[in-house]
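Hi,

Here is the structure I promised to pass on. Have a look at it first, and then read my notes below.

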Amino acid sequence: MSQTTPFTGGLYVITYGCQMNEYDSDKMASLLEKTYGLKLVTEPEEADVVLMNTCSVREKAQEKVFSELGRWSKWKAKKPNRIIGVGGCVASQEGKVIRQRAPSVDVIFGPQTLHRLPAMIDEALRVRGDDSIKKKKAVIDISFPEIEKFDNLPEPEVNGVSAMVSIMEGCSKYCTFCVVPYTRGEEVSRPFEDVMHEIEVLASQGVREVNLLGQNVNAYRGEMADGEIADLAVLMHAVRTIDGIDRIRFTTSHPNEMTQSIIDCYGEIPELVSHLHLPIQSGSDKVLAMMKRNHMVLEYKSTIRKVRALRPNLSLSGDFIIGFPGETCDDFKETLALVEELNYDRSFSFIYSERPGTPAAGFPDDEPMEKKKRRLFMLQEVLNKQTLAISEGMIGTIQRVLVERLSRNSFTEVAGRTENNRVVNFEGSPELIGQFVDVEITEGLTNSLRGKLVATPESDTHVAPQYHSL
């Protein structure tokens, strides 16, 4: 722990964007606790170090960054020793702009340089304390040092029974609408043994479920100790052998990387959940070509059919971009038809947002925003109906649930997740946390389910009737 820093308060981190950003934020917190003894606090006013981990996928996300920084700057005027940092994809893309628009920011770092955060903070403190430096500028490091990040992060520490594990960074697909290759770099996979070691440590801390993360996680190609290359299928087969890990997820995937070996895992690995998040973005081949997705709708549907042949109860989710430049009414109808045919569950859909520096930013776009909004409304109506129908269809079924925590609604209830990632609240004792239990679904709500505990197979006991009086 550093002995030269004046930190007496805590650390506040706000995260925008994807699960990769959530993973990175957890690593930042662990790193700064190890270095400075900083503990997480729930209010930014209480913190000596405030960090924002940003996302540049959507335009509004960038607007949030500068809005938040405006508030933080006012707080800093009252507490000059506070360190303000901005990381993530917006920092990677707009580092110089942040420095100009928000002079109160001390450190600006990219997704690949968060491991250098302590050194950057130390430098910011040095600059701040040097009276010979008249104009004190933010310390910026938004380079792409590839795998170095993972080699310099602390050992994982978790408090829960489910954990995210980043197995690769970046994207090499260069879809015309996407900024990720420019903010996170090209695809770089972590070595196989490094990933396995992290998961083994997590399992020793009581983790039962891992979610393997990557911008294109199914493009994973990790080098093994013998020089061979492990793909995602090889990795998942290895992960299932780790004692204590009994549920595996992976996200986010690209259709072009859904190889037969990965598809076969749905028939070979019981620990792999019956859920697949596989974004297609549009149901129109013409739009997919303009997006440079490099696959057709027919190929995508063929992949889904193959997986469902092995897992008939597969829960499918996806991402959809509405109003991409050049999208016509007929193109949109093809998207609706695809959604209705494949029956999606809990998908994400947005109106196209132009990202500076991407090829699509220069595409002509004459479609009025009002028309795009109507299309999005129509699509989300269909998606919401499908989600509700799936929830209601689960009523009366017995679901295997990993109990994660106490329920937020009741002292006598616990909450866990089904394979298709639905939160279920049901009566039960705290001793169930960390166990897989059988729950009968009794009610389907908008954002969660309610259920009744029927068996605790891991302790080989069934629930006595009086249990529910707790």
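This is a predicted model: local features need pLDDT of at least 70, side-chain atom pairs count only at pLDDT 80 or more; totals for chains, interfaces and linings use all residues.

Let me start with a pocket. Strand S14 (315-317) and strand S17 (398-406) each supply at least two residues of the lining of the second largest pocket. Residues are numbered from 1 along each chain as its sequence is written, and side-chain values use heavy atoms, with hydrogens and water left out.

Back to the second largest pocket: its volume is about 290 Å³. Its lining has 14 residues, and those closest to the centre are Ser 274, Asn 313, Leu 314, Ser 315 and Asn 420. By class, the lining comes out as four nonpolar, six polar and four charged residues.

- On a 1 Å grid over the protein atoms alone, a pocket is an open set of points where a 1.4 Å probe fits, with protein on both sides within 12 Å along at least five of seven lines; lining residues have an atom within 4 Å of a point.
- Grid points are joined across faces, edges and corners, and a volume is the space filled by probe spheres set on the points.
- Ala, Val, Leu, Ile, Met, Phe, Trp, Tyr, Cys and Pro count as nonpolar, Asp, Glu, Lys and Arg as charged, and the others, Gly among them, as polar.
- Helices (H or I, at least four residues) and strands (E, at least two) are DSSP runs, numbered from the N terminus.

Now the helix pairs. The axes (lines fitted to C-alpha atoms, for helices over the stretch in contact, with angles from 0 to 180 degrees between N-to-C directions) of H7 (residues 192-204) and H8 (residues 232-239) come within 11 Å and cross at roughly 35°. That crossing is right-handed (the near helix is turned clockwise from the far one by less than a right angle). Phe 192, Val 195, Met 196 and Ile 199 of H7 are in contact with Val 234, Leu 235, Ala 238 and Val 239 of H8 (contact means heavy atoms within 4.5 Å). By class, that makes eight nonpolar, no polar and no charged residues.

H8 also meets H9, their axes coming within 8 Å and crossing at roughly 25°. The two are therefore roughly parallel (angles under 35 degrees count as such). Here Leu 232, Ala 233, Met 236 and His 237 in H8 meet Ser 261, Ile 262, Cys 265 and Glu 268 in H9. The classes are five nonpolar, two polar and one charged.

H9 (residues 260-268) in turn pairs with H11 (residues 297-310), with axes within 7 Å and a crossing of roughly 25°. So H9 is roughly parallel to H11 as well, and the crossing is right-handed. From H9 come Gln 260, Ile 263, Asp 264, Tyr 266 and Gly 267, and from H11 Thr 303, Lys 306, Val 307 and Leu 310.

Last, a few spots in loops. The peptide bond from Thr 251 to Thr 252 is cis, with omega near 0°, and Thr 252 sits in the loop between strand S12 (247-251) and H9. Asn 343 is not a glycine, yet has a positive phi of about 60°; look for Asn 343 between helix H12 (329-342) and strand S16 (348-351).

Definitions and conventions: Angles under 35 degrees count as roughly parallel, over 145 as roughly antiparallel, 65 to 115 as roughly perpendicular and the rest as oblique.
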